[in-house]
Amino acid sequence: MNFYDAHNHLHDDRFAGRQAELVAASRSVGVARMLVNGSCEADWPQVAALAREFPGCVVPSFGFHPWYVAERTPRWRETLIEWLDATPGAVIGEIGLDRWKPGLAYDGQEEVFLAQLRLAAERNVIASLHCLQTWGRLWELLRATPRPARGFLLHSYGGPAEMVAPLAK
């Protein structure tokens, strides 16, 4: 049986130097592929490097996580497109909305989320979504905005049970 890790941050500093060991361990228990989510412009090069180092295993995903939206450069969208164009098989993520993290500004989150979701729809690539304490607004935006025909991945769902069926649809 094959398993698929739909969400990780293998490029993160806490795994520094252990990526090959972790990929080998994952493969030994049946993990065929893993989606490695970038969170901001600074880590996109590491995500791309992992995809090159572990072809056929690491699916690279580039996006602006809501925790890092305030750090984006004026050319963030163009840079994102450049990484997507330069990295075969790349998808978009981790993107989303967050009102949970203390001290995190909500300003700009919707704008950046929608730009990335539209880009995923235009390219018809999967989008990996993050959402904490803003399920209603996420649902409104998803209904009003083009989504990739391939769908999206909503990880670590913690919203209301009654939203599962409409989101899955």
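This is a predicted model: local features need pLDDT of at least 70, side-chain atom pairs count only at pLDDT 80 or more; totals for chains, interfaces and linings use all residues.
Gly 56 belongs to the loop that runs between helix 2 (44–53) and strand 3 (58–62). Leaving aside residues up to four places away in sequence, Gly 56 touches Ala 32 and Arg 33. Of these, Arg 33 is 23 residues apart from Gly 56 in sequence, while the distance from C-alpha to C-alpha is 6.9 Å.

## His 9, a buried loop residue

His 9 is also found in a loop, here the one between strand 1 (3–8) and helix 1 (19–28). With a relative accessibility of 16%, His 9 counts as buried, since the cut-off for that term is under 20%. Its side chain makes a polar contact of 2.9 Å with the side chain of Glu 94. Glu 94 is also one of the residues that His 9 touches, and the others listed are Arg 14, Phe 15, Asn 37 and Ser 39, when residues up to four places away in sequence are not counted.

Just after helix 4 comes Asn 124, which takes a positive phi of about 50°.

## Aromatic rings and charges over rings

The model has six aromatic pairs. In one of them, the rings of Trp 44 and Phe 64 have centres 5.6 Å apart and planes at 75°, so the pair is edge-to-face. Trp 44 lies in helix 2 and Phe 64 in the loop between strand 3 and helix 3, so this pair ties together parts that are 20 residues apart in sequence. Phe 64 also forms an edge-to-face pair with Trp 76, at 5.9 Å centre to centre and with 85° between the planes. Both Phe 64 and Trp 76 are buried. Ring pairs link Trp 44, Phe 62, Phe 64, Trp 76 and Trp 83 into a cluster.

Two rings have a charged residue over the face: Arg 99 lies over Tyr 106, at 3.9 Å from the ring centre, and Lys 101 lies over Trp 67, at 4.2 Å from the ring centre.

Notes. Residues are numbered from 1 along each chain as its sequence is written. Side-chain values use heavy atoms; hydrogens and water are left out. Helices (H or I, at least four residues) and strands (E, at least two) are DSSP runs, numbered from the N terminus. Contact means heavy atoms within 4.5 Å. Buried means under 20% relative accessible area, exposed over 50%, partly exposed in between (1.4 Å probe, protein chains only). A polar contact is a pair of N or O atoms within 3.5 Å; within protein, one must be able to donate a hydrogen and the other to accept it, and residues adjacent in sequence count only if both atoms are side-chain atoms. Rings of Phe, Tyr and Trp (its six-membered ring) pair if their centres lie within 6.5 Å; planes under 30 degrees apart count as stacked, over 60 as edge-to-face and the rest as tilted. A charge sits over a ring if NZ of Lys or CZ of Arg is within 6 Å of the ring centre and within 35 degrees of the ring normal.
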